[in-house]
Amino acid sequence: MAPNSRIFLTRHAQAEHNVDLDYSIPDAPLTPLGKKQAASLARQIPALQQEVELVVSSPLRRTLQTTTLGWGPAVSRLGGPQTVVLLPAAQECNALPCDTGSPREALAADPEFAVFDLAPLAPDWTSKRGFYAPDEAALARRARAVRRFLRDRPETAIALVAHGDILRRITARPGDGPSVYLWKNAEVRVFEFDPEYVESDECWLFQRDDVAAAGGYGPTSTELEIDEAEGKL
């Protein structure tokens, strides 16, 4: 366990559902602009590329692509894509097609994603049931599981590439509920474990720095649903 570790939380770059507000796109990949944003991010954080000891990613296509491009120098230095840890618990919250990952077999059949170690992807990781359900209680448990995973790793500098909605829950504070921060596309923020809670089950994080953002704001599926309900779209 490395309770003093620095955690480089990263939101994926622009994906197709962020552009057209169409969250029916299955496992939405990056747009051409999103790929440019992720590649630009890599150039903005050269010191972090050298510092990071472990790269972790949600297994959705857009996060894997952001990992490859945005953390590419670190991934290469650490031994290649097969060293990236795929963490199904870090997948996005909603049960919409854009936020539901692809089966392990589909990723293995695609040369872009077959380079990753897909072993952590159990058949139920795309189910959006049980541990992966989109209700608030399950999401809180899943966010806690991500924090505990990061805390219990031996590395002292870890990059996690994930999604805006789950990142807001991972960065929740005691008594406050999920963060309301609007993550930008291809944004990196540095967090550390709160010393007061690091040994607790919740092991809350606190933010240390804003580092870089290669893209502008892109709404998550939850934010799109809220806007629709309020008549803003």
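Me: Happy to start with a helix: what is the reach of helix H8 from its first C-alpha to its last, and what is expected at 1.5 Å a residue?

Reply: Helix H8 covers residues 136-152, which is 17 residues, and reaches 24 Å, close to the 24 Å expected. The expected span is 1.5 Å times one less than the number of residues. Helices here are DSSP runs of H or I with at least four residues, strands are runs of E with at least two, and both are numbered from the N terminus. A word on the source: this is a predicted model, where local features need pLDDT of at least 70 and side-chain atom pairs count only at pLDDT 80 or more, while totals for chains, interfaces and linings use all residues. Residues are numbered from 1 along each chain as its sequence is written, and side-chain values use heavy atoms, with hydrogens and water left out.

Me: Which residues of H8 are buried, and what do they pack against?

Reply: The buried ones are Ala138, Leu139, Arg142, Ala143, Val146, Arg147, Leu150 and Arg151. Buried means under 20% relative accessible area, exposed over 50%, and partly exposed in between, with a 1.4 Å probe and protein chains only. An α-helix has 3.6 residues a turn, so residues three or four places apart point the same way. The partners of these buried residues are strands E1 (6-11), E4 (157-162), E5 (187-193) and E6 (205-213), plus helix H9 (164-170).

Me: Why is Arg169 called buried?

Reply: Its relative accessibility is 13%, so Arg169 falls below the cut-off and counts as buried. Arg169 belongs to helix H9. Beyond its neighbours within four places in sequence, Arg169 is in contact (heavy atoms within 4.5 Å) with Cys93, Glu136, Leu139, Ala143, Arg147 and Pro178.

Me: What makes the pair of Tyr181 and Trp183 edge-to-face?

Reply: Let me first set out the pairs. The structure holds 3 aromatic pairs. One of them joins Phe131 and Tyr132, with 5.0 Å centre to centre and 80° between the planes, an edge-to-face pair. For Tyr181 and Trp183, the centres are 5.7 Å apart and the planes stand at 85°, so this pair is edge-to-face too. The rule is that rings of Phe, Tyr and Trp (its six-membered ring) pair if their centres lie within 6.5 Å; planes under 30 degrees apart count as stacked, over 60 as edge-to-face and the rest as tilted.

Me: Is Trp183 buried or exposed, and how is Tyr181 classed?

Reply: Trp183 is at 1% relative accessibility and therefore counts as buried. Tyr181 has a relative accessible area of 23%, so it is partly exposed.

Me: How do you know that a charge sits over the ring of Trp183?

Reply: The charged end of Arg189 is 5.0 Å from the centre of the Trp183 ring. The test asks for NZ of Lys or CZ of Arg within 6 Å of the ring centre and within 35 degrees of the ring normal. Arg189 also lies over the face of Tyr181, at 3.7 Å from the ring centre.

Me: Why is Ala186 called buried, and what is its phi?

Reply: Ala186 is at 0% relative accessibility, so it counts as buried. Its phi is near 55°, a positive value in a residue other than glycine. Ala186 is found in the loop between H9 and E5.
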